[in-house]
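Hi,

Here is the structure I promised to pass on. Have a look at it first, and then read my notes below.

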Amino acid sequence: MNTPLSPVSGRLASLDILRGFDLFLLVFFQPVFVALGQRLNFPWLNDILYQFDHESWIGFRFWDLVMPLFLFMTGASMPFSFSKFKNAPNKWHIYRKIIKRFVLLFIFGMIVQGNLLGLNPDSLYLYSNTLQAIATGYLIAAIILLHCSFRYQVLITLLLLLLYWNFTPGGNFAEKVDRLVLGQFRDGVYWGEDGNWHFSPYYTYTWIWSSLTFGVTVMLGTFAGKIMKEGKENRKGVVRLLLLLGIVLIGVSLLWSLQMPIIKRLWTCSMTLFSGGLCFLLMGLFYYWIDYKGHTYGLDWLKIYGMNSITAYILGEVVNFRCIAASISYGLEQFLGNYYSVWLSFANYLIVFFILQMMYKHRIFLKI
């Protein structure tokens, strides 16, 4: 057993490591593993590769957990960072930070997936990315945390869950809201030969009305954070409670799914609780192994991703380092053949890792 090491004192190591695990999957493991698996083309790999893509409609795959876990971990850190502002008579200082973070996350989301850098209004999407879901979920959770007692936090979270109600591919309310408000700036819009824009029948993700359940996912994270923050003297009890709540949420979600299916693209209520339950279980397991048992051997490197999560996400999703790899390794193509593209993908995310590692080593943590 070894003591967790962290450049920032007073932090729960499990929070940074679980967040890092989520980002590592997103900006290293999944793209490289899928690229390699497709080249290998082993029949037995197909079922594994299937889990590293999003479910097309009803159902839930492993890869559908990455985005909810990102939102959940955002909430899990909020009870620690917001505790000193809870009883402040003047909350304008913290609201300036909240609004700043909301705006920056929204802009970064437009850079990542909204084609902001394309400088073309015909292909600009306003609300279409994980960072923007975090922004709205964070804003909702921040207002609730700053102004409500724990009892009302739970009640409002339940109310948000009940307000959200849709589960059909065509004609659901969330879809109508997105089409009405976003119009041609909705992701999935295409320009036809008639010179007009049209909604794609294949794009079924919803965002504006789904912000309600984004907020619920972040709030579930705040509840986990509250449990860990207040349970420092009884960490075994914290583990039990996290795991118990995870099992309960999954059970409730499966019952609810009989009426409202688990659909990640719509972020349905049953999906919100199901993914939230899985997040509680993961949080419980990581907290048990790292903060309760004190084992961090072989896991500390994940803090490289976890403590610069937004930077890792933007670098991995926006900046293409393959050109650098190709410039210095083009001679390998004759030897690697079809696997050369796998090498370029690996090298791309390896460069991202080295940048994050250097930032971590020099204690450079870009906060929003």
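**What I found**

Of the protein's 368 residues, 52% count as buried. Do keep in mind that this is a predicted model.

Starting with the overall picture: the protein has 16 helices and two strands. Its radius of gyration is 21 Å, close to the 21 Å that the globule rule gives for 368 residues, so the protein is as compact as a globular protein of that length. Along the principal axes, the C-alpha atoms fill a box of roughly 60 × 55 × 45 Å. If you take contacts between residues at least 6 apart in sequence, 74% of them join residues at least 24 apart.

**Helix 10**

Helix 10 runs over residues 235-256, which makes 22 residues, and it reaches 31 Å from its first C-alpha to its last, close to the 32 Å expected at 1.5 Å a residue. Which of its residues are buried? They are Val 238, Val 239, Leu 242, Gly 246, Leu 249, Ile 250, Ser 253 and Trp 256. These cover an arc of only 135° around the axis, which puts them on the same side of helix 10. Their cover includes helix 7 (150-163), helix 9 (211-230) and helix 11 (269-292). On the face turned away from the buried side, helix 10 carries the exposed residues Arg 240, Ile 247 and Leu 255.

**Salt bridges**

The count comes to seven salt bridges. A few to click on:

- Arg 61 and Glu 55 meet through their side chains at 3.3 Å, N to O. Both Arg 61 and Glu 55 are buried.
- Asp 178 pairs with Arg 186, with the closest N and O atoms 3.9 Å apart. Asp 178 and Arg 186 are both buried as well. The two also belong to a network of salt bridges that links Glu 175, Asp 178, Arg 179 and Arg 186.
- Glu 230 bridges to Lys 226, and here the closest N and O atoms are 2.6 Å apart.

Where do Glu 230 and Lys 226 sit relative to each other? They are four residues apart in helix 9, so about one helical turn separates them. Glu 230 counts as exposed because its relative accessibility is 58%, while Lys 226 is partly exposed, with a relative accessible area of 24%.

Cheers

Note on methods: Residues are numbered from 1 along each chain as its sequence is written. This is a predicted model: local features need pLDDT of at least 70, side-chain atom pairs count only at pLDDT 80 or more; totals for chains, interfaces and linings use all residues. Side-chain values use heavy atoms; hydrogens and water are left out. The expected span of a helix is 1.5 Å times one less than its number of residues. Buried means under 20% relative accessible area, exposed over 50%, partly exposed in between (1.4 Å probe, protein chains only). The arc is that of the directions from the helix axis to the C-beta atoms. Contact means heavy atoms within 4.5 Å. The radius of gyration is taken over C-alpha atoms; the globule rule is 2.2 Å times the number of residues to the power 0.38. A salt bridge is a side-chain nitrogen of Lys or Arg within 4 Å of a carboxyl oxygen of Asp or Glu.
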